[in-house]
Amino acid sequence: QVQLVESGGGLAQPGGSLRLACAARESRVRVSIMGWYRQAPGKQRELVASISHKGVTNYAEFVKGRFTISRDNNRIIMYLQMDNLEPEDSAVYYCNVRLPVAAEGTGDWGQGTQVTVSS
């Protein structure tokens with residue numbers, strides 16, 4: 001199992017920004033798809049954004065134009081820059097890693113980091 005360590009969550013005001021990071025040590029993560037999911041209370045976990053090892057990105061409609069996913073394969077770190085945050089973005093955000101042949105929503109998970117958007 002891949003160990004994933006998330007950081008960067010916290011409290012932000014509406015319209016504010018936060019940056020999440022997800023770090024791994026295993027070299028196989030360099031050829032994996034990395035992604036961010038989120039889960040709000042009473043809701044199912046949902047994909048926020050993902051990025052392939054070649055840098056191809058995929059975003060959920062509700063974050064397009066506001067969030068940016070990126071990765072540094074040398075340091076094996078993935079980032080999620082979240083701008084123009086809305087209260088609806090409040091959730092626990094989870095880092096995910098899966099091999100390209102694996103189905104979306106499977107693979108290894110981080111412990112989660114809380115993001116709260118409130119005035």
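Which residues does phenylalanine 67 touch, not counting residues up to four places away in sequence? In this predicted model, the contacts of phenylalanine 67 comprise Arg38, Val48, Tyr59, Leu80, Gln81, Met82, Asp83, Leu85, Asp89 and Tyr93. Phe67 also belongs to the largest nonpolar core, a set of 29 residues in which Trp36, Val48, Phe67, Met78, Leu80, Met82 and Tyr93 touch the most other members. At least two residues of this core are supplied by each of S3, strand S4 (33-39), strand S5 (46-51), strand S7 (67-72), strand S8 (77-82), S9 and strand S11 (113-117).

One disulfide is found, formed by cysteine 22 and cysteine 95, whose sulfur atoms lie 1.9 Å apart. The pair links distant parts of the chain, with cysteine 22 in strand S3 (residues 18-24) and cysteine 95 in strand S9 (residues 91-98), 73 residues apart. Because the torsion about the S-S bond of cysteine 22 and cysteine 95 is about -70 degrees, the disulfide is left-handed. Both cysteine 22 and cysteine 95 are buried.

Six salt bridges are present in the structure. Among them is the pair of aspartate 89 and arginine 38, for which the closest N and O atoms are 2.9 Å apart; this pair likewise links distant parts of the chain, aspartate 89 being placed in the loop between S8 and S9 and arginine 38 in strand S4, 51 residues apart.

Arginine 66 lies in the loop between strand S6 (57-59) and S7, whereas glutamate 86 lies in the loop between S8 and S9, so the pair ties together parts that are 20 residues apart in sequence. Arginine 66 is buried, with a relative accessible area of 9%, while glutamate 86 is partly exposed at 32%. Arg38, Glu46, Arg66, Glu86 and Asp89 are linked in a network of salt bridges.

A further salt bridge is formed by glutamate 61 and lysine 64, with the closest N and O atoms 2.8 Å apart. In this pair, glutamate 61 is exposed, with a relative accessible area of 62%, and lysine 64 is partly exposed, with a value of 45%.

On the surface, Val31, Leu99 and Val101 form a nonpolar patch with about 290 Å² of accessible area together. Valine 101 is located in the loop between S9 and strand S10 (108-109), and its relative accessible area of 80% places valine 101 in the exposed class.

Key
Residues are numbered from 1 along each chain as its sequence is written. This is a predicted model: local features need pLDDT of at least 70, side-chain atom pairs count only at pLDDT 80 or more; totals for chains, interfaces and linings use all residues. Side-chain values use heavy atoms; hydrogens and water are left out. A disulfide is a pair of cysteine sulfur atoms within 2.5 Å. Helices (H or I, at least four residues) and strands (E, at least two) are DSSP runs, numbered from the N terminus. Buried means under 20% relative accessible area, exposed over 50%, partly exposed in between (1.4 Å probe, protein chains only). A nonpolar core is a set of buried Ala, Val, Leu, Ile, Met, Phe, Trp, Tyr and Cys residues joined through side-chain atoms within 4.5 Å. Contact means heavy atoms within 4.5 Å. Patches are made of residues with over 30% relative accessible area and no salt bridge: like charges are joined within 9 Å, nonpolar side chains (Val, Leu, Ile, Met, Phe, Trp, Tyr) within 5 Å. Accessible areas come from the Shrake-Rupley method with a 1.4 Å probe; for residues, only the protein chains shown count as cover. A salt bridge is a side-chain nitrogen of Lys or Arg within 4 Å of a carboxyl oxygen of Asp or Glu.
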